[in-house]
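Please keep the sequence and the 3D view open as you read.

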Amino acid sequence: MRARVVGWVLLPLASIGLLLLAWELVVVVFHVQPYIAPRPLAAIQAVIDKWGVLWPLVLGILRETVFGFAGGAVLGFLFAVAMSKVRVVRRLLYPQLILSQAVPVIALAFPLTAMLGFDSVRPIIAIVIWIVFFPVTVNVLDGLAHVDQDLLNLAKVYGASRWRTFFQIEVPATISPLFTGLKIGATYAITGSFIGESVSASSSGSIALTISQANGNNEEGLVYGLTLLLAAIGVAFFLAVVGVEALSTPWLRRTTSRPWRRRRLATSGADQ
Amino acid sequence: MTHEFRSLLRGSPRDAQGYIEGVPSTVLLELSAVAKTFGDQVVLSPTDLLITEGSFVSIVGPSGCGKSTLFNIIAGLLAPDAGDVTLAGRSVVGATGHVGYMLQKDLLVPWRNVEDNITMAARLTRGVTAADRDEARRVAQRYGLGEFLDHYPKALSGGMRQRVAFMRTLVTHQSLLLLDEPFGALDAQTRLDMQRWLLDVWRESGRTVLFITHDVDESIFLSDRILVMSPRPGRIVADIANSLARPRDVDVLTDPHFVEIKGHVLRLLYGADR
């Protein structure tokens, strides 16, 4: 247990601490001017000073990211299922999928915003969906293609229906690739929100617009501080997905399910 | 489709075909002129086969002799080019859901514990009932895995996993079990344990077993009949009765009759009189 705390908590934290320390050292040793780059603590302080104005905007970008991520995950999964089940859909959709990712998202953000509204979260969520669905689709599609054919044959020999085979075998067998796609999507989602916010003209403001304004006002502390905050949100998102993955795949780490029941059975076994 | 036979053999409760003396035997599985070709390769030339209810029949033969094709046709995974397969008098060509089936790979799903793996067939066909779960627990306890019901498959040894896979096959309640090299991946000692275990379960369950193996000793130790197959074209070249008395244990392995059958089968597989 102690080895796990060291390996999974302390070392990663130490690694981030070292990064901040290196930043601090570079600023001090090379006499970097504050209008180029502030010291890390000054950047964090700048965000804390303005937290009263900032927190609704932080909630806003969190909401866009969560909705966009959820939408992208669902859409990406459905695409993968449709493409794996129907060959025509796969042939028709695959070039479009690649095209969708070859296009620079920021170029798409302008027409999307014009279509879905300048003062609206809809284009922002649409951009996050656009970014998140692709790694999910590609990974789930790959997972579905690699479900053990012998296992599918066994289900067929039992006389299983296609639906039951899908939900009892294909979906659970695809859970690891699904989470691989979700983890990639989780780290990109915040970037999508940021691009969307940069292009839209929200009347209530946004994190991206605040960073842009702060940059214009030479408030480099705030620019760096908010960038750090976005990075922290991205990391938290990734960790949340890792946590959900761990909860939904107990068989990868545990020896038994339901340990409380195992104890009861063990005693009843001893009675015999 | 009921054939009556008399035991021709000395004192054994089942004769060579697995018929119990004095009891009318029933043909469970009948193949008539079943054939299969892939491209220009005849993987199974027209084959006739009668399997009586309750018997244990092994199939040995080199790779490519059509034994797995034969299994897949019986199980309904492959449609034969010609011929008919009847199970208990009913044609099952192209149908599925009428046999128990087990491979060398245990095919346990890693995301379900032992109990839920045993009830997999019910989950895939109609939904698991309390009775299914009760039966799974009872079978697991009876055959020595009662304390592992909540274990995930990866926590079990290879032999235990194969036992779970066999229990999963058993609770399908199919009268015919197709076992395709189920112990092929196990070490020699575990394999012998599993063979003895399988004989116990078979005797208690009264099922009919068709058993593919590469291991001649295994085929003789387990079965009432040994079908020897040969490739190009895939066909049954010999149907050998095995009258070794049951119940059998390891001493059978050195019985003169065992050695005699083994010599016969080995000559068929590797020798000149093929």
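## Confidence in the model

Please bear in mind that this is a predicted model. For chain A, the mean pLDDT is 90, and 94% of the residues in chain A reach 70 or more. Residues 266-272 of chain A are another matter, as their pLDDT is below 50. Beyond near neighbours in sequence, that stretch has 3 contacts in the model. Where pLDDT is low, the predicted coordinates should not be read in detail.

## Where the chains meet

The contact between the chains involves 26 residues of chain B and 26 residues of chain A. On the chain B side, helix α3 (residues 120-125) gives the most, with 4 residues. By residue type, the side of chain B that touches chain A divides into 14 nonpolar, 8 polar and 4 charged residues.

## Two crossing helices in chain A

In chain A, take a look at helix α2 (residues 40-49) and helix α11 (residues 220-248), which pack with their axes 7 Å apart and at an angle of about 85 degrees. Because of that angle, α2(A) is roughly perpendicular to α11(A); the range that counts as such is 65 to 115 degrees.

From α2(A), the residues taking part are Ala42(A), Ala43(A), Ile44(A), Ala46(A) and Val47(A). They meet a set of residues in α11(A), including Gly221(A), Tyr224(A), Gly225(A) and Leu228(A). The residues of this contact divide into 10 nonpolar and 2 polar, with no charged ones.

## The fold of chain B

Chain B has 8 helices and 11 strands. Its C-alpha atoms fill a box of roughly 50 × 45 × 35 Å along the principal axes. How does the radius of gyration of chain B stand against that of a compact globule? For 274 residues such a globule would have a value near 19 Å, and chain B has 19 Å, so the two agree.

Buried residues make up 46% of the 274 residues in chain B. Among the contacts in chain B with a separation of 6 or more, 67% come from residues 24 or more positions apart.

## A covered helix in chain B

Is helix α1 (residues 67-75) of chain B mostly covered or mostly exposed? This helix is mostly covered, with 9 of its 9 residues buried. Among the buried residues of α1(B) are Leu70(B), Phe71(B), Ile73(B) and Ile74(B), and also Lys67(B), Ser68(B) and Asn72(B). After α1(B) comes Gly76(B), which has a positive phi near 95 degrees.

Terms used
Residues are numbered from 1 along each chain as its sequence is written. Chains are lettered from A and ligands numbered from 1 in the order in which they are written. This is a predicted model: local features need pLDDT of at least 70, side-chain atom pairs count only at pLDDT 80 or more; totals for chains, interfaces and linings use all residues. pLDDT is the predictor's confidence in each residue, from 0 to 100. Two residues are in contact if their C-beta atoms, placed from the backbone, lie within 7 Å. Ala, Val, Leu, Ile, Met, Phe, Trp, Tyr, Cys and Pro count as nonpolar, Asp, Glu, Lys and Arg as charged, and the others, Gly among them, as polar. Axes are lines fitted to C-alpha atoms, for helices over the stretch in contact, and angles run from 0 to 180 degrees between N-to-C directions. Angles under 35 degrees count as roughly parallel, over 145 as roughly antiparallel, 65 to 115 as roughly perpendicular and the rest as oblique. The radius of gyration is taken over C-alpha atoms; the globule rule is 2.2 Å times the number of residues to the power 0.38. A residue is buried if 20 or more other C-beta atoms lie within 10 Å of its own, exposed if 12 or fewer, and partly exposed in between; C-beta atoms are placed from the backbone.
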